[in-house]
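Dear colleague,

I am handing over a structure that you have not worked with before.

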Amino acid sequence: MNLILALSVLLVVVLAATSWHFMRVARQLRESEERWKLALEGAGDGVWDWNVPADTVVFSARYKAMVGYTDEDIAAAAEAWRNRIHPDDRAQVDEDVRACLRGQVGTYSNEHRVLCKDGSIKWVLARGMVVSRTPDGQPLRMIGTHVDITGRKALEERMLHLANFDMLTGLPNRSLIGDRLQQAVFKARRDKTHLAVMFLDLDKFKPVNDNFGHEVGDLLLKQVAQRLMASVRASDTVARIGGDEFVVLLSSIEQQSDATVVAEKILQALQQPFAVLGHTVEISGSVGIAAYPEHGDDEKLLLINADIAMYHAKRAGRNAYRLYAAGM
């Protein structure tokens with residue numbers, strides 16, 4: 001009897017010690033997880049914790065504040081989170097998440113847009129990893145963060161715009177038109193189609209700056225850009241490559257005469273007087289045309305030959321266009 005009592009007491013002590021040990025480990029894990037989440041929150045990250053089999057997600061207060069929602073607004077279902085992703089970004093997010101769940105990548109990372117409660121859109125950098133799997137590798141739990149990168153994205157877009165567009169007119173610049181022309185030549189070569197490049201230089205532009213000042217000259221260039229855009233198709237490109245020089249890319253034409261029709265339309269548009277800051281300004285243009293593949297088989301040669309043809313138009317008395325010819 002004493003032996004049974006002793007064994008019972010020993011069992012109780014062992015169970016109590018074991019229970020206390022598991023409770024201590026669980027408490028340490030909770031405290032560790034809370035510290036981890038607190039550290040991420042302090043860094044400005046929104047934290048999410050996804051129970052994969054149940055398909056439920058717990059969002060941190062920081063994440064909810066980031067998108068403007070409260071506890072009552074956000075359901076625990078993962079689909080509620082997915083529905084706030086911009087429709088154009090969902091497919092890539094789904095693909096990246098699946099790759100992480102399958103173990104194809106160690107960590108999930110994706111930049112995408114989210115729809116906020118007030119209707120605004122924010123860019124976020126989402127990172128995550130699977131922290132628990134079944135013995136056969138099925139994902140059980142995935143945790144991660146969302147960081148607001150809207151400011152960084154706006155700066156990147158601004159820098160990209162400055163690198164590719166003319167600051168005065170908003171038209172593509174020399175760099176961007178070169179890239180578009182290169183792509184257009186590649187496509188025309190592949191599809192065995194035709195295109196044309198037009199080099200335009202304004203006539204009598206220098207006297208405008210001399211007589212009325214550079215402010216009038218700048219505003220005139222803006223109006224010229226608008227008239228050029230109105231003279232071509234939406235699929236074509238008008239670029240300002242410097243000073244009073246413009247390039248027009250007709251990305252697809254049936255024959256060279258299609259380009260001359262556009263050139264005539266442009267010259268007629270420029271002949272109409274411009275009203276700038278109370279001044280009536282009259283100018284014209286000289287246009288050179290080079291067609292692919294007749295006048296060049298790459299973008300650099302086409303631009304050179306269009307430029308040469310433009311100078312022949314100027315020598316012919318200006319306010320005219322010329323097609324490139326070998327004799328030039």
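The notes below move from the whole protein to a few of its parts.

Please bear in mind that this is a predicted model. The protein has 328 residues, of which 40% are buried. Its secondary structure comprises ten helices and twelve strands. Among contacts with a separation of 6 or more, 57% are between residues 24 or more positions apart. The accessible surface amounts to about 18300 Å², and carbon and sulfur atoms contribute 56% of that area.

I turn next to strand 6 and its partners. Strand 6 covers residues 194-203, and nine of its ten residues are buried, so the rest of the structure largely encloses this strand. Strand 6 pairs with strand 8 (residues 245-253) in the antiparallel sense, over seven bridges. Within this pairing, Ala196 stands opposite Leu250, and Val197 has Leu249 as its bridge partner. Strand 6 is also joined to strand 11 (residues 284-292), again in an antiparallel arrangement, by nine bridges. There, Leu202 stands opposite Gly285. As a general point, side chains in a regular strand alternate between the two faces of the sheet.

Strand 8 has a further antiparallel partner in strand 7, with five bridges between strand 7 and strand 8. One of the bridge pairs consists of Arg240 and Phe246, the latter in strand 8. Strand 7 and strand 8 form a hairpin with two residues between them, and Gly243, in the turn, has a positive phi of about 55°.

Helix 6 deserves a description of its own.

At its start, a side-chain oxygen of Asn173 comes to within 3.1 Å of the backbone nitrogen of Ser175. After helix 6 comes Lys192, which has a positive phi, near 60°.

Is Val105 buried, partly exposed or exposed? Val105 counts as partly exposed, because its relative accessibility is 36%, a value that falls between the limits of 20% for buried and 50% for exposed. Val105 lies in the loop that connects helix 4 (90-101) with strand 3 (108-115). Apart from neighbours within four places in sequence, Val105 is in contact with Ala99 and Cys100. The C-alpha atom of Val105 is 9.1 Å from that of Met129, a residue 24 positions away along the chain.

With kind regards

Conventions
Residues are numbered from 1 along each chain as its sequence is written. This is a predicted model: local features need pLDDT of at least 70, side-chain atom pairs count only at pLDDT 80 or more; totals for chains, interfaces and linings use all residues. Side-chain values use heavy atoms; hydrogens and water are left out. Helices (H or I, at least four residues) and strands (E, at least two) are DSSP runs, numbered from the N terminus. Buried means under 20% relative accessible area, exposed over 50%, partly exposed in between (1.4 Å probe, protein chains only). Contact means heavy atoms within 4.5 Å. Two strands pair if DSSP finds at least two bridges between them. A polar contact is a pair of N or O atoms within 3.5 Å; within protein, one must be able to donate a hydrogen and the other to accept it, and residues adjacent in sequence count only if both atoms are side-chain atoms. Accessible areas come from the Shrake-Rupley method with a 1.4 Å probe; for residues, only the protein chains shown count as cover.
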